[in-house]
There are 2 protein chains.
Amino acid sequence: MSERTLTAPLARGATIGILGGGQLGRMMAEAAHALGFKTHVYSDVADACAFDVADAHTHAPFRDEAALKVFAASCDVATFEFENVPDDTAAFLATHVPVAPSPRALAVAQDRLTEKNFIAGLGIATAPYVGVSNAADAEEAVTALGAPIVLKTRRMGYDGKGQAVAKTPFDAPAAFETLHSVPAIAEKFIEFEYEASVIAARGRDGSFAAYDPPKNEHENHILRRSTVPSPLSAAQVKDAVGITRRIAEALDYVGVLAVELFVAKDGALLVNEIAPRVHNSGHWTIEACATSQFEQHVRAVAGWPLGDTARRTDAVMENIIGSEVDAWLAKADEPGLHLYGKREARPGRKMGHITRLTPRRS
Amino acid sequence: MSERTLTAPLARGATIGILGGGQLGRMMAEAAHALGFKTHVYSDVADACAFDVADAHTHAPFRDEAALKVFAASCDVATFEFENVPDDTAAFLATHVPVAPSPRALAVAQDRLTEKNFIAGLGIATAPYVGVSNAADAEEAVTALGAPIVLKTRRMGYDGKGQAVAKTPFDAPAAFETLHSVPAIAEKFIEFEYEASVIAARGRDGSFAAYDPPKNEHENHILRRSTVPSPLSAAQVKDAVGITRRIAEALDYVGVLAVELFVAKDGALLVNEIAPRVHNSGHWTIEACATSQFEQHVRAVAGWPLGDTARRTDAVMENIIGSEVDAWLAKADEPGLHLYGKREARPGRKMGHITRLTPRRS
């Protein structure tokens, strides 16, 4: 069967299906509701926090074709808040309901080696990398790329999970084993100045709109803080947005996507990875822009015109992680607080965020 | 049984019960979710648009004590998006779960005569009025107040429903009959310059915060447009906010309340009515303020500190009424569009709104 496509903007009151049930899905559902749409969230997690706010939800494994069919039949269009949905799930779904972004975009983004090959194929700079299938490959990678290297599983990594560093060829096989010897990619460790990201959207009509790129700071591999404006020069912003646009166009992308960048000491921009979805480093757009990244994604997926991405203020977004949420009351008199309604405050779990605005300086 | 009270700020993930299931409840539920709360919406309307976004919903008559008990047991606190809940429903509910605003505030606001007596009792100016129980009262009211008068049912009026004008004593009995001869209030018709409203909140600790009052324009008795800033002078704004604060304090009010004002040609402020809830004329706070009226109401009800009400931009909010929603696509490229997800676009029904921002001039 061929993929379904959306031929007209979604009608009033149509239903948007969302695969994945975390905070990104929760905020996406809220944005959909504000535009009068209904939502149906599908997740394999029993108490997914997006279930609470959706019109309907399905708790089923991603490979449950019967459940996917029922889900597809209830939706006018389907999208993702989570890229690690199995390839064949997305492909199967797309034969039953229009899906955006496309299964192909998802397939490229969810495999780090495919992703890097795709980006390099567009002539866009990344950290030097090679594919790693076994311990011998890992050892050779250190020699080929130069130490140290970062080994990353090709699939299912997030927040630093599925990563290991090897400082010498001798270390590499053990590092590969800590990844349970699954197919991996080795990347040369980049001494970057800082990280930045571009959050942008591409509409069904090929229109494109980017937000001002934030600087991102991580702690323990988890995003701690995103700040706009970043220290990027106007020329670097233009480059970063241009890179993102080329990626979006090459994928015939529909929806919001994020491109994570390393900014090298010499000012060069290297693409680290792409996320085919709304992104944690774009949460500040809720308060600081006329159109949030969540509304923008809904607009793109629904075949609506994209909204205004102009930044009205400066902003700093900080994540509230794990047991930090226990101190929520201390932040309760501040505007811009978002809590995700998750029950258990497990270590490293994103429980909420706060966006602090200041007048625009530049 | 005595009324329950909330003794500490609501814990993370607590459930807020909302009586009434319209767009005000829908936007209130969304604000509650953004702060990590759960919501349970109770309405006597089968396809209430707030049901779609709530964690749980109950469709039952307001006088169904068994359903109210189950509802109360599921909530940590309950509130209203709709003041025309029967008195005894609110009182019954308050013996089972802390309720804010109080049943007394609701009782005062839902009876136009009680309301006017209460306001006049505070020494606050209103249009001259008298109670009307029968056709003879209506006739006398024209003589006593001076023609023309507006007859309004004491209860259940909104958007001009339950109102009739009498231009002479002779007209008055017929006008009273169009109201089905229910208990009413006669008010002298005021030739006002324009209408304004104060949206403010009072916290459980007695803290008070008001938004900048909008000017409100009606068409066919339905709010068409709210504009901030209004033409009110700084002294008038101070007066209007002071009036609102006195009303809130006299009611020991908790939550957001709205006070509708007539601004007379000589600049005098006359209270038209109070709404013990979030208000259509406060929707612009979603985009133009750090804390929306919906978040503010949730904060007050939850025992949280009130948020910042400063206005960051100028704003014009326009309602999308009845079949106007069919033209939604023409507005789809504008930010600030809100659709309520209502199925049927009946004449006079509020289907959505749009808030347009411009830089702050003053």
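A residue is called buried here when its relative accessible area is under 20%, and exposed when that value is over 50%. The model is predicted, and what follows should be read as a description of that prediction.

By this criterion, strand E8 of chain A, which spans residues 184–188, is mostly covered, since four of its five residues are buried. E8(A) has two pairing partners to consider. With strand E5 of chain A (residues 129–132), E8(A) pairs in the antiparallel sense over four bridges, and within this pairing A:Gly131 stands opposite A:Ile185 of E8(A). Strand E6 of chain A (residues 149–153) also runs antiparallel to E8(A), to which it is joined by five bridges; here A:Ile149 has A:Lys188 of E8(A) as its bridge partner.

Burial can be followed in a helix of chain A as well. Helix H3(A), residues 87–94, has A:Thr89, A:Ala90, A:Phe92, A:Leu93 and A:Ala94 as its buried residues.

The packing of helices can next be examined in chain B, where helix H1 (residues 23–34) and helix H10 (residues 293–301) pack with their axes 8 Å apart and at an angle of about 70°. Because angles of 65 to 115 degrees count as roughly perpendicular, H1(B) and H10(B) are therefore described as roughly perpendicular to each other, and their crossing is right-handed. On the side of H1(B) the contact is made by B:Leu24, B:Met27, B:Met28, B:Ala31 and B:Ala32, and on the side of H10(B) by B:Phe294, B:Glu295, B:His297 and B:Val298. Sorted by class, this contact of H1(B) with H10(B) comprises seven nonpolar residues, one polar residue and one charged residue.

H1(B) also packs against a helix of the other chain named here, namely H1(A) (residues 23–34), at an angle of about 160° and with the axes 11 Å apart. That angle makes H1(A) roughly antiparallel to H1(B), because the cut-off for this description is an angle over 145 degrees. The crossing of H1(A) and H1(B) is left-handed. In this contact, A:Arg26, A:Glu30, A:His33 and A:Ala34 of H1(A) meet B:Arg26, B:Glu30, B:His33 and B:Ala34 of H1(B), and by class the contact holds two nonpolar, two polar and four charged residues.

Definitions and conventions:
Residues numbered from 1 in each chain as written. Chains lettered and ligands numbered in written order. Predicted model: local features only at pLDDT ≥ 70, side-chain atom pairs only at ≥ 80, totals over all residues. Heavy atoms only, no water. Buried < 20%, exposed > 50% of the residue type's maximum accessible area, 1.4 Å probe, protein only. Pairing = 2+ DSSP bridges. Axes fitted to C-alpha atoms, helices over the stretch in contact; angles between N-to-C directions. Parallel < 35°, antiparallel > 145°, perpendicular 65-115°, else oblique. Left-handed = near helix turned anticlockwise from the far one by under 90°. Contact = heavy atoms within 4.5 Å. Nonpolar A, V, L, I, M, F, W, Y, C, P; charged D, E, K, R; others polar.
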